[in-house]
Amino acid sequence: MFFVASKILGFLAAPSNALAVIGLAGVALAAAGWPAAGAAAMATAILGLAAAGFSPLGAWLLLPLEQRFPRVSDCPAPAGLVVLGGSFDTAIAGARQEVALAAAAERLTVVAELARRWPEARILFSGGSNALVGEDGATEAELARRLFVSFGVAENRLIFDARSRNTVENARFSREAAGEAADGRWLLVTSAYHMPRAVGCFRAAGFPVEAWPVDYRTRGPQDAWAFSASFSAGLRRTDMAAREWVGLVAYWLLGYVTAPLPRP
């Protein structure tokens, strides 16, 4: 039930989706004989989309998340790395029989570097299928195995959790997959904006990981007053940040994290 609810909430949490629904409602109101209400709704949708796409709103929402957990020291060498999914397009991968990477691909490509830097570290990948209906024909764990082996990582270093569909399950199932080795030093590799929610979930699951953020979507504080030159890029950034904040609050209310914005 939580998985289905999170998918629906995630759709509505994206400002572009919510504003599009408001705009369509305005069209319906105008057609039904309430032109003033319809015009107000359509104007709200247009102005809201413009603000989300062109203003620094996305950066304002992303910066507190991305700056929250700086990268930890690389000494001493970690016992392992936990790499979270969300970086594959499993639908295309299943249809094309290819390893199809998505926007957060740096979560995966950084493994090639880190595996060489720490040749004794285990690499635990957590990610299954997040399809709401049916299956995509490939799980993220299957695709990650192919990709990591192509990097030259020995298979005896790899651990996979193919059951996880969201961050709560990432934490719980990764703790199970790591077993007794979870008592050592583990680094968590995920997108910087996702790190607060991920660390909060892992702490609640009894897996005290340390942050190794990647996949930054802002340059830093200088983006706080930088307007977007691309409407679509600005809208994507705002949607991403809004969904993450809604996810954090929802996880906190449900008890999956102990604070609405976990501390380093």
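**Legends for a predicted chain**

**View 1. The overall fold.** The chain holds 10 helices and 5 strands; helices here are DSSP runs of H or I with at least four residues, strands are runs of E with at least two, and both are numbered from the N terminus. With a radius of gyration of 20 Å, close to the 18 Å that the globule rule gives for 264 residues, the chain is as compact as a globular protein of that length. That radius is taken over C-alpha atoms, and the rule is 2.2 Å times the number of residues to the power 0.38. The C-alpha trace spans about 70 × 40 × 35 Å along its principal axes. Please keep in mind that this is a predicted model, where local features need pLDDT of at least 70, side-chain atom pairs count only at pLDDT 80 or more, and totals for chains, interfaces and linings use all residues. Residues are numbered from 1 along each chain as its sequence is written, and side-chain values use heavy atoms, leaving out hydrogens and water.

**View 2. Inside the chain.** Of the 264 residues, 47% count as buried, meaning under 20% relative accessible area (1.4 Å probe, protein chains only). Among contacts (heavy atoms within 4.5 Å) between residues at least 6 apart in sequence, 74% join residues at least 24 apart.

**View 3. The annotated spans.** The unreviewed UniProt entry annotates residues 40-63 and 245-262 as "transmembrane region"; such annotations may be inferred rather than shown by experiment. Residues 40-63 are 92% helix and 0% strand, with end C-alpha atoms 32 Å apart. Residues 245-262 are 56% helix and 0% strand, and their end C-alpha atoms lie 12 Å apart.

How values were computed
Buried < 20%, exposed > 50% of the residue type's maximum accessible area, 1.4 Å probe, protein only.
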